[in-house]
Amino acid sequence: MHQFHVGMSVVCIDAKQPANTTLPSELTEGNIYKIRWVGPFVHYLDGEYIGLRLDDINRGICQIWGYVDQPFRATRFRPLVADRLGSLRALLVPGQPLAPSIDEPRRKAPVKEEEKV
């Protein structure tokens, strides 16, 4: 299962070119990109993978393989999250959005009733 969707901002975490190509990389590690397409892609050597096409980059026709606008492997990116710890806390609370905003107000904790013994 992948967590990417069209319009999402992602950060490049791996800008190295694969071993099967000698072309220069269009990516820069640490740069932020916006996704314009997400889906499965089948490559002759690499097999099937989830690919991302980015708004800022149109790869055209691949000089080596002939693919039109070949997508980047999704494992080369991570979602851009404003609150990293908040996204982990969200996994513990069912029904909460995956990455809550920093600006989102905190919920009030229920007040424990005093017990008389």
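**Labels and their cut-offs**

Guide: From the N terminus on, they run β-β-β-β-β-α. This is a predicted model, where local features need pLDDT of at least 70 and side-chain atom pairs count only at pLDDT 80 or more, while totals for chains, interfaces and linings use all residues. Residues are numbered from 1 along each chain as its sequence is written, and side-chain values use heavy atoms, with hydrogens and water left out.

Visitor: What makes a stretch a helix or a strand here?

Guide: Both are DSSP runs, numbered from the N terminus: helices are H or I with at least four residues, strands are E with at least two. Strand E1, for instance, covers residues 9–12, and E4 covers 72–73.

Visitor: How do you know that E1 and E2 pair?

Guide: Two strands pair if DSSP finds at least two bridges between them. E1 and E2 (residues 32–43) run antiparallel and are joined by 3 bridges, so the pair qualifies under that rule. One of the contacts to look for is valine 11, whose bridge partner in E2 is isoleucine 32.

Visitor: And what joins E2 to E3?

Guide: A hairpin, through 3 residues. E2 and E3 (residues 47–54) pair in the antiparallel sense over 8 bridges. Along that pairing, isoleucine 35 stands opposite leucine 54, and glycine 39 stands opposite glycine 51.

Visitor: Why are E4 and E5 said to stand at the edges?

Guide: The open sheet of 5 strands has the order E4-E3-E2-E1-E5, with antiparallel pairing. E4 and E5 (77–79) each have a single partner strand, so one side of each is left without a neighbour in the sheet.

Visitor: Why is the contact between lysine 16 and aspartate 14 called a salt bridge?

Guide: The label needs a side-chain nitrogen of Lys or Arg within 4 Å of a carboxyl oxygen of Asp or Glu. For lysine 16 and aspartate 14 the closest N and O atoms are 3.4 Å apart, so the pair meets the cut-off. A search of the whole structure finds 4 salt bridges.

Visitor: Are those two residues buried or exposed?

Guide: Buried means under 20% relative accessible area, exposed over 50%, and partly exposed in between (1.4 Å probe, protein chains only). Lysine 16 has 60%, so the label is exposed. Aspartate 14 has 25%, so the label is partly exposed.

Visitor: What makes Arg36, Arg53 and Asp69 one network?

Guide: Let's take the pairs in turn. Arginine 36 and aspartate 69 meet in a salt bridge at 2.6 Å, N to O. That pair links distant parts of the chain, with arginine 36 in E2 and aspartate 69 in the loop between E3 and E4, 33 residues apart. Arginine 53 also forms a salt bridge with aspartate 69, the closest N and O atoms being 3.7 Å apart. Arginine 53 lies in E3, so this second pair ties together parts that are 16 residues apart in sequence. Salt bridges that share partners join Arg36, Arg53 and Asp69 into one network.

Visitor: Which burial labels do those three get?

Guide: Arginine 36, at 30% relative accessibility, counts as partly exposed. Aspartate 69 is at 9%, so the label is buried, and arginine 53 is buried too. Over the chain, buried residues make up 28% of the 117 residues.

Visitor: Why is glutamine 70 called buried?

Guide: Its relative accessible area is 13%, so the buried label applies. Glutamine 70 lies in the loop between E3 and E4. Leaving out residues up to four places away in sequence, glutamine 70 touches Phe41, His43, Tyr49, Arg59, Gly60 and Cys62, where contact means heavy atoms within 4.5 Å.

Visitor: What makes something a nonpolar core?

Guide: A set of buried Ala, Val, Leu, Ile, Met, Phe, Trp, Tyr and Cys residues joined through side-chain atoms within 4.5 Å. The largest one here has 15 residues, of which Phe4, Leu27, Leu54 and Phe77 touch the most other members. E1, E2 and E3 each supply at least two residues of this core, with the largest share, 3 residues, coming from E2. Residues that phenylalanine 4 touches include Val10, Ile35, Val38 and Leu52, not counting residues up to four places away in sequence.
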